[in-house]
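Here is a short briefing to read alongside the model. Please keep the sequence and the 3D view open as you go through the points.

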Amino acid sequence: EAFTRNSGYSMSEVLGQNPRILQSGKTARTVFVDMWSKLASGQPWKGELINRRKNGQEYTEEALIYPIRNEAGAVTHYLAYKQDVGDKKTASERIQYLSEFDQLTGLPNRTLLLEQLQFAVSQARREVKPLAVLWLNLDLFRDINNTFGHASGDSVLREAAHRMHEITQEGDIIARYSGDNFVFARANTDQYGAIQMVNQLLNVLSRPIVLQDEELVLTASMGLALYPNDGVSVTDLMRCAETAMYRVKHESRNSYSFYSPDMQERTARALQLTNALKLAFTRQELRLVYQPQVSLQDGHVTGAEALLRWHHPQLGDISPAEFIPLAENAGLGSQVGEWVLQNVLKDLHEWESLGVPLVKVAVNLSAVQFAETDLADKVKFQLEQSKVAPQWLEFELTEIAAMRNPEQAAQSMLDLATLGLKLSIDDFGTGYSSLSHLKRFKVYKLKIDQSFVRNIVDDPEDKAIVDAIISMAHSLGMITIAEGVETSAQLAFLKAHHCDEIQGYLYSRPLRKLDFEQLLRSPPAIDLPA
Ligand code: C2E
Ligand code: MG
Ligand code: MG
């Protein structure tokens, strides 16, 4: 169709004809000589041809011609892919376009964005109207690229751009700033209008995308800055919006935040920690602590959770809850994960050779690690290296991470279970598992989140939730462990409601390696209610 449109010939006029009918006589002979020598030797040829339409008009086309061979190796056909590169006028338009628009998504690029924003800011100033600037960064885009490959990454960017474009209104500014960063601006928009804009974006982005037969739900972190409150120049507005985006990225992802002046400080700390973390491995600032888990049946220690600790010489102890998300954002997620696993296995091996009575040790898996398609292979390799039997290793995956992509989660769990490893779901009750997914997960234990355990004694809702989690787990053939158990009143409630295990300060704080080893040799008794 494109050919008939461009050449002016109808389908019936050209079918079976030789392409020679297009010749204008203007293409240099050397071009044809070059073309045929390539094609005759079986190679594709690329070049420009000056051809003639049916009405006699000349046009320049860029052609890519491939020889096609039959089974015997003889060239039987040629396949030409052609593009009308137009006359000089459109060529200069194209150069203009290339300098202002992003090739991949077709959206304005950074250059055009800055120009348009400048204009929008001047207009807002003249009209004394607000203006909202939004910085959007796709969540976990690096992982999408790593897991599915760059071509898929590109198609995700294109699709995201297309969807953002769907919600634009007349006068909106939308651009691809760089990589997976997009900037959006809407005139005459205050904070209420800005929230509306955010909701529209979250909405269009949340429709699943199918990538290599897997459904993927895109989420994004967004930062908002308002003219004139947060800044009156394009530079300031962009900086504030980006800062606010980073805040979301470090805290929750898949959400938005307005700029506030204290963010600058927090972002500075995040940057400082990220840089320091890269050195923490070689400077041996990381170590593991182990927190025992106890059976409520008979009080014996059934296992332990390995928890990561980072002591920075100047900044002091930094919580894993703070630095693990930073590590993930900096692409250090799997390095941290591998360090933890390797060291847990090293400790297990050592205890075994010292004759310490072993229990299984649970290692926390981050969402990023869990999304790696070669996770099971890596674990298998590390296990073999360590000579530790798989029965001593367990993984904890947070409910939120598991539900991010339940199909893939089910598969990864199966791969890990095949290696003989146990799996539990961490922070259970904070995500939104559906029973149908839970049923298919290869999980033997649910860890009831601390937030429910905390008020279990006096909050009737938390009581009901914990009770429901325990019954549901049992009916699915899983056991339960309550996290963060600090008081004997909590213990009594849990025991009365048939929770299987507990972990928390009541029995023991997380212990350094030697202290934990000591505990394994002679575990203190726990006072269990009848
Ligand atoms: P989590 O896996 O839910 O770990 C339980 C957290 O509760 C730990 O905090 C633990 O020290 C704390 N805790 C234990 N008992 C009690 C108690 O009785 N009361 C209270 N208030 N807290 C208690 P921690 O060690 O600061 O770890 C926080 C989170 O960081 C962990 O939550 C886990 O999600 C993450 N994390 C820790 N180590 C690792 C790791 O090696 N890899 C990954 N990916 N994440 C880790
Ligand atoms: Mg955990
Ligand atoms: Mg937990």
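Metal donors here are N, O and S atoms within 2.8 Å of the metal (3.2 Å for Na, K and Ca), and because water is not among the atoms, sites may look incomplete. With that in hand, the donors of the magnesium ion (ligand 2) follow the spacing E-x58-N-x31-E-x29-D along the chain. This is a predicted model, in which local features need pLDDT of at least 70, side-chain atom pairs count only at pLDDT 80 or more, and totals for chains, interfaces and linings use all residues. Residues are numbered from 1 along each chain as its sequence is written, chains are lettered from A and ligands numbered from 1 in the order in which they are written, and side-chain values use heavy atoms, with hydrogens and water left out.

**The magnesium site**

- E305 (OE), N364 (OD1), E396 (OE) and D426 (OD) coordinate the magnesium ion (ligand 2) at 2.0 to 2.2 Å.
- E305 belongs to strand β12 (residues 301–312) and E396 to strand β15 (residues 393–398), so this pair ties together parts that are 91 residues apart in sequence.
- Helices (H or I, at least four residues) and strands (E, at least two) are DSSP runs, numbered from the N terminus.
- Both E305 and E396 are buried, a term for under 20% relative accessible area, with exposed meaning over 50% and partly exposed in between (1.4 Å probe, protein chains only).
- D426 coordinates the magnesium ion (ligand 3) as well as the magnesium ion (ligand 2), and the two ions are 4.2 Å apart.

**Two buried residues to look up**

- L277 sits in helix α10 (residues 263–280) and is buried, with a relative accessible area of 0%.
- Leaving aside residues up to four places away in sequence, L277 touches W310, F323, A327 and L332, where contact means heavy atoms within 4.5 Å.
- L277 and L326 are 49 residues apart along the chain, with 8.9 Å between their C-alpha atoms.
- S295 is part of strand β11 (residues 286–295) and counts as buried at 5% relative accessibility.
- Again leaving aside residues up to four places away in sequence, S295 touches H300, T302, D500, E501 and L528.

**A helix pair**

- Helix α6 (residues 141–148) packs with helix α7 (residues 150–166) at an angle of about 140 degrees, their axes 6 Å apart.
- Axes are lines fitted to C-alpha atoms, for helices over the stretch in contact, and angles run from 0 to 180 degrees between N-to-C directions.
- The contact involves F141, I144, N145 and F148 of α6, together with H150, S152, G153, V156 and L157 of α7.
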